[in-house]
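Me: Here is a model I would like to go through, term by term. Please set each value against its definition.

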Amino acid sequence: MNGVRVLNIFQYEVFLMVVESGSFTKTGEKLGLSQSGVSHNVSTLETELGIVLLRRNRNGISLTDAGERVIPHIRQIIHHAKLLEQEAALIQGIEVGSIKIGTFSSFSSRILPGLIRTFINKYPGIQIELYEGGYDDIKDWIASGTIGIGFLTLPTREFDTIHLLKDKLFVLVHENHRLNTMKLVHVKSIHNESFIMPKAGCDVLIKRILRENNVHPNVIFEIKDNSTIISMVQEGLGITILPEMILPKNIPNTKVIPLETDLYREIGIAIKSIKQASPSSKKFVEISKEYFK
């Protein structure tokens, strides 16, 4: 037959892992292959396809233009191969499979361990691989097929979503700040205040709340790392608004005050298509819905 030959799925998986890890060595360690074994699989794939997929240089590896064009198809091939494997296992009454899940740091530390434990107790044969990043990272991973499921703040229009929980927003001020005696803080009280704006995704919600209330604080810093934001409030540099899930139980030199009107960030599962999701992913969604009832 004139054209591309049918390849071993393993070669696709090796190639994809090299791209995602950025390293032949790390891929070999994960798959139990030597570095030359990883290189051989990638070279064989390139030979069979008749195109160069990777650039190799002193700075590491990167996809060629051809590699960029074919990698979405490779992800789809691997995805459907796993679907086939899981469906066959289900027919035999065996619960097996794997799920790649994207999550953000506060959810990972506060909520995810208990959810994963509940899932593993019911489905011990299904493996879970975690990817941690910001909201934009998680959206990119879902869109590209790098992960099957992502935890995100809602709403998001790009994917199918399932609401799981609400995370209440609080004002954080230094103990000597004029608002420290307040039991509740109205959003309008923040007008003109020196303000430290979170950048890890909460900024979209907070900016919307401020805009809707016609409130304009003096934003002195925009910071991604939550611990840095809290440290700056502790030093009296400004005030901030953060979700409850992010806040430690005890923060010296500060006061955590609820907002007068309860405001929340909504957290849920995002998935490219629930209908087309793998059996393992669908099971994880169902367990998650039960867990947060």
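Me: Why are helix 1 and helix 3 called roughly perpendicular to each other?

Reply: First, this is a predicted model, where local features need pLDDT of at least 70, side-chain atom pairs count only at pLDDT 80 or more, and totals for chains, interfaces and linings use all residues. Residues are numbered from 1 along each chain as its sequence is written, and side-chain values use heavy atoms, with hydrogens and water left out. The axes of helix 1 and helix 3 (residues 35–49) cross at roughly 110 degrees and come within 9 Å. Angles of 65 to 115 degrees count as roughly perpendicular, under 35 as roughly parallel, over 145 as roughly antiparallel and the rest as oblique. Helix 1 and helix 3 are therefore roughly perpendicular.

Me: What makes helix 1 oblique to helix 2?

Reply: The axes of helix 1 (residues 9–21) and helix 2 (residues 24–31) cross at roughly 130 degrees and come within 8 Å. That makes the pair oblique.

Me: Which residues of helix 1 and helix 2 make the contact?

Reply: F10, V14, M17, V18 and S21 of helix 1 and F24, K26, T27, K30 and L31 of helix 2 make the contact, meaning heavy atoms within 4.5 Å.

Me: What makes a set of residues a nonpolar core?

Reply: The residues are buried (under 20% relative accessible area, with a 1.4 Å probe and protein chains only), come from Ala, Val, Leu, Ile, Met, Phe, Trp, Tyr and Cys, and are joined through side-chain atoms within 4.5 Å. The largest such core has 65 residues, and F107, I149, F151, I269 and F284 have the most contacts inside it. Strand 6 (residues 160–174) gives the largest share, 8 residues. A second, separate core of 16 residues includes F15, L16, V70 and I74.

Definitions and conventions
Buried means under 20% relative accessible area, exposed over 50%, partly exposed in between (1.4 Å probe, protein chains only). Helices (H or I, at least four residues) and strands (E, at least two) are DSSP runs, numbered from the N terminus. Axes are lines fitted to C-alpha atoms, for helices over the stretch in contact, and angles run from 0 to 180 degrees between N-to-C directions.
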